[in-house]
Structure formats: structure tokens, C-alpha cells
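Please open the model in a viewer and keep the sequence at hand. The stops below are meant to be visited in order.

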Amino acid sequence: MKLHILVCGYIQVSETVPYGNSIDLRNTAKQLAAPDKNRLTMPVCAYLIEHPKGLILIDTGWCRDISPCGVYDLNAVNKVLPAHLSALFHPCLPEGMAIHEQLAAMGIRPEDLDYVLLTHLDPDHVAGLKHVNKAKHIILPEDEYFWACRTVYKTRQPWSLWYDQPIERLYYRGSPLGPNRWAIDLFGDESIQMVNVPGHTDGQAAIIVRNGGRYVLLAADAAYSPRNWQEMITPGFGFAREWQRKSLRWIAEMAADPGCVAVLCSHDPAIKAGVISV
Ligand SMILES: [Zn+2]
């Protein structure tokens, strides 16, 4: 199997977002007001998997209208995101990096995608869904949808980006995998598994892409870089710190497994676009 790492834009966020080690409200207020000089530029990754059962896209990055000329454009951002999320993310999407633009450059039409798997509903992961919503299946864990509809997540996961999209919801089931022992085995053969890693959101999925004894773990936003699990620093943007810790401990175990080819975080500044063989 081939796994393509696609960088679908950037965020510029306070350094406490990845390494805040606390998720209190004071921290959040500081993140919204952070001056440019204290912000880190981080990629927004999606992944395309060439799997024997079809083409699978993981997450979708930013949408073109958030950055029409390919640069940070506050007026355009404010048409897509509420002001507090604009202030948090400072998104930009250079020309050619929107998900449908990258797929077109590879000769792939949205309707050629067999699956789009969404790790969670934060806007940097689902804004581009409108560009690929002709895919045959768009899959989200029910647990992520459930909480997005009912709680404070409404303030961070704008409904306009996902609520009217043709999303199919699948239930997590009991599994040996993950800190919560919940996973969705997409094909029933362990080759693609969505593993619940709570903390950033309750329903967030990490993705395991497995070929025999070898696998890649896509950690989504459970970690921002290996520093989080190597030094046990919890990200400063999330919902439940104890679950952030449990998810990081599980990722550390997986990273130490000889079968683990790589652990990739959606916003790791060290990640470069490219292809990994699994
Ligand atoms: Zn994210």
C-alpha cells in the first residue's frame, strides 16, 4: 500500500496549542490573542491511501474559499469561520494545495474516492469536505457526531462545514486497540482501523493503516509532534486532559512497537509531503 502525505494548508497558532500542558480557559484566551511573533506555522495534513479495496482519503484540510488568493486573508477567513476560530487558527491555503487541487494533479476526481474518513469535526479537518463530497462513502465515528451536536463543541466545530454533507456514521466497537478500547475496523480485516483517541475531542479517531505485521499510525490531533508523547506534554487545546494523557501513553506504546513504521501527527511541523510504503 502507498500512503501519500498531503499538506492541505497551514495554521499559525500559539505555541501553547501543541505544548500548553493545560487546557484551562485562561490558556484559551491567550491562544486567541497570541501575537504573530509567538505563533508557530504548522501544516494541515490529509492522507491518501492506495488500498487494494480502493482509494481512501483521511481528512480534507482547508477549503479554497478560506484563502482565495493562497495567502492569509482575514476577510475571507471570517466568511468561513467565526471570529474566535479565525483568531485561533490564522489559516492559509497556498495555490494548488486544496485537497481537490492536489487530487486533480494526481489525475483523481472526487468521485474516484472510495472512502473519505474523518478523524474529527474540527474545521481544519473538514472544511475541504465540500471539495470531495462526491466520494462514494464519507465516514465519521458516531461518537464524534454525537458530541458535536450536543455540547460546547458547537463553538469549535461550525455546523456549516459538515452538517449538510453526506456523512455516514459508524459506531465504535469493542477492540483491543486504543486507550478507550474502541475501534472501527473498516473492512473487517484490520487493514484500516479508526481507533478512538479521546482528549482533543471525545470521539476523535486515530487511523491505523496495516499491511501484515507493519503499520502506520495516523495520530490526528491526539499529538502535535513526537515531543508530546516522548516528554508527556499534553497539548494546550483539547477537552479532557486525563484522556489526552491516556491517548499519549497509547501512542507512545505503539511508537515503540517494532511493527510501527511511523506515527504521523496532522500538524507536525517536521512532516513533509511525500509517500510512505506500508
Ligand atoms: Zn487539527
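Begin at the zinc ion, where the 4 donor atoms subtend angles of 86 to 163°, which makes the arrangement irregular. Four donors count as tetrahedral if all angles lie between 85 and 135 degrees; four count as square planar and six as octahedral if opposite donors are over 155 degrees apart and all others between 65 and 115; anything else is irregular.

This is a predicted model, in which local features need pLDDT of at least 70 and side-chain atom pairs count only at pLDDT 80 or more, while totals for chains, interfaces and linings use all residues. Residues are numbered from 1 along each chain as its sequence is written, and side-chain values use heavy atoms, with hydrogens and water left out.

Select next the residues that coordinate the zinc ion: Asp-124 (OD), His-125 (NE2), Asp-221 (OD) and His-267 (NE2), at 2.0 to 2.1 Å. Donors are N, O and S atoms within 2.8 Å of the metal (3.2 Å for Na, K and Ca); water is not among the atoms, so sites may look incomplete. Along the sequence, the spacing of these donor residues reads D-H-x95-D-x45-H. His-125 in helix α6 (residues 123-126) and Asp-221 in the loop between β11 (214-220) and α8 (226-230) link distant parts of the chain, being 96 residues apart. Helices (H or I, at least four residues) and strands (E, at least two) are DSSP runs, numbered from the N terminus.

Are these two residues buried or exposed? His-125 is buried, with a relative accessible area of 0%, and Asp-221 is buried too, at 3%. Buried means under 20% relative accessible area, exposed over 50%, partly exposed in between (1.4 Å probe, protein chains only).

Now display the open sheet, whose 7 strands follow the order β6-β5-β4-β3-β2-β1-β13 with mixed pairing. Because β6 (168-170) and β13 (274-277) stand at the edges, each with a single partner strand, one side of each is left without a neighbour in the sheet. Two strands pair if DSSP finds at least two bridges between them.

Within this sheet, colour β1 (residues 2-14) and β2 (residues 39-51), which run antiparallel and are joined by 11 bridges. Gln-12 stands opposite Thr-41 in β2.

Finally, centre on Ser-22, in the loop between α1 (16-19) and α2 (25-33). Ser-22 counts as buried, at 19% relative accessibility. The side chains of Ser-22 and Asp-24 are joined by a polar contact of 3.0 Å. A polar contact is a pair of N or O atoms within 3.5 Å; within protein, one must be able to donate a hydrogen and the other to accept it, and residues adjacent in sequence count only if both atoms are side-chain atoms.
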